[in-house]
Amino acid sequence: MSLLNPLNPPLTDWQGKTVWIVGASSGIGAATARALLAQGARVVVSARKAQALQALAQAHPLCQALPLDATDQAAVQQAASSLLAQGPLDGVMYCAGHYEPMRADALDAANMQRHVEVNYLGALYLLDAVLPALRARGQGHISLVGSVAGYGGLPNSLAYGPTKAALINLAEALYLDLHPLGLGVSIINPGFVETPLTAQNDFKMPALLSPDQAAQAILSGWAKGRFEIHFPKRFTLWLKLLRLLPYRVYFNLVQKVTQ
């Protein structure tokens, strides 16, 4: 592998391609579905909110609604089987997410478990359902939506951050296994995006993006063959630099900027 080559096969022509987005009823997932549809892709959208999915499908002839609870492994397997019976999947994106701010003085194990179920286990169920077909075909792309909250420990992120760190690690391991087979793998690490999840935050969110801006950044990252797609750079690059510092400096700076 040349150090100058893209880490993934660049995805620039979506005409006639089929992409399955799990977690597409709102926010980044829905915006990415719309952006792909505008590029001529056939997009299957899944989430628990059937009404939102149907509205999206009714507005776009190439969009198929497939209501699904990503934490139900049997349902994910059944959905994948039905889609693969229709034809191959060119892209699979796991965008389902659960977020509630949490700090140690209000640790809630049940709520933390819910974060794990939606943010991490759902991704594993999806991978388990689609990987055999993708590997057999030797073609296709898998994207997991992580977060910059997975870079390092942050206030209010006691439940959310660890699940996103797990997704980042998972994507790295997947890349090492699947790249030699011809498959693409990417991890998408957004900063703050205006979604129902971030609407819970009671602090000013720097460099806040709209879902449509996030979707364009994702498609741009796919087109360039990126492994990690992170945005907006003016925010995420600072967080990457922060993570390189010794813990003594890291903890001190994070506490100062979040007080």
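Is Tyr99 buried or exposed? Tyr99 is buried, because its relative accessible area is 10%, and buried means under 20%, with exposed over 50% and partly exposed in between (1.4 Å probe, protein chains only). Keep in mind that this is a predicted model, where local features need pLDDT of at least 70 and side-chain atom pairs count only at pLDDT 80 or more, while totals for chains, interfaces and linings use all residues. Residues are numbered from 1 along each chain as its sequence is written, and side-chain values use heavy atoms, leaving out hydrogens and water.

**Helix α5**

- Let's start with α5, which covers residues 160-178; helices (H or I, at least four residues) and strands (E, at least two) are DSSP runs, numbered from the N terminus.
- With its 19 residues, α5 reaches 27 Å from its first C-alpha to its last, close to the 27 Å expected at 1.5 Å a residue; that expected span is 1.5 Å times one less than the number of residues.
- The buried residues of α5 include Tyr160, Leu167, Leu170, Ala171, Leu174 and Tyr175.
- An α-helix has 3.6 residues a turn, so residues three or four places apart point the same way.
- The buried residues of α5 pack against α4 (109-137), β5 (141-145) and β6 (184-190).

**The nonpolar cores**

- A nonpolar core is a set of buried Ala, Val, Leu, Ile, Met, Phe, Trp, Tyr and Cys residues joined through side-chain atoms within 4.5 Å.
- The largest one here has 44 residues, and Trp20, Tyr94, Leu126, Val130, Leu144 and Leu174 touch the most other members.
- Helix α4 gives this core its largest share, 9 residues.
- Apart from it lies another core, of 32 residues, with Ala47, Val145, Ile188 and Ala214 among them.
- Pick out Leu144 and you'll find contacts (heavy atoms within 4.5 Å) with residues including Tyr94, Ala123, Leu167 and Leu174, not counting residues up to four places away in sequence.

**Aromatic pairs**

- Searching the whole structure turns up 5 aromatic pairs; rings of Phe, Tyr and Trp (its six-membered ring) pair if their centres lie within 6.5 Å, and planes under 30 degrees apart count as stacked, over 60 as edge-to-face and the rest as tilted.
- Tyr99 and Tyr160 make an edge-to-face pair, because their ring centres are 4.9 Å apart and their planes are at 70°.
- That pair links distant parts of the chain, 61 residues apart: Tyr99 is in the loop between β4 (91-94) and α4, and Tyr160 is in helix α5.
- Tyr160 counts as buried because its relative accessibility is 14%.
- Another edge-to-face pair is Tyr175 with Phe227, at 5.5 Å centre to centre and 70° between the planes.
- Here too, distant parts of the chain are linked: Tyr175 sits in helix α5 and Phe227 in the loop between α6 (211-223) and β7 (228-231), 52 residues apart.
- Tyr175 is buried at 8% relative accessibility, and Phe227 is buried with a relative accessible area of 14%.
- Tyr247, Tyr250 and Phe251 form one aromatic cluster.
- The charged end of Arg243 sits over the ring of Tyr250, 4.1 Å from its centre; this label needs NZ of Lys or CZ of Arg within 6 Å of the ring centre and within 35 degrees of the ring normal.

**Two loop residues**

- Ser157, in the loop between β5 and α5, is buried at 9% relative accessibility.
- Ser157 touches Met102, Ala149 and Pro162, not counting residues up to four places away in sequence.
- Gly97 is in the loop between β4 and α4 and is partly exposed, with a relative accessible area of 33%.
- The C-alpha atoms of Gly97 and Gly29 are separated by 10.0 Å, with the two residues 68 apart along the chain.
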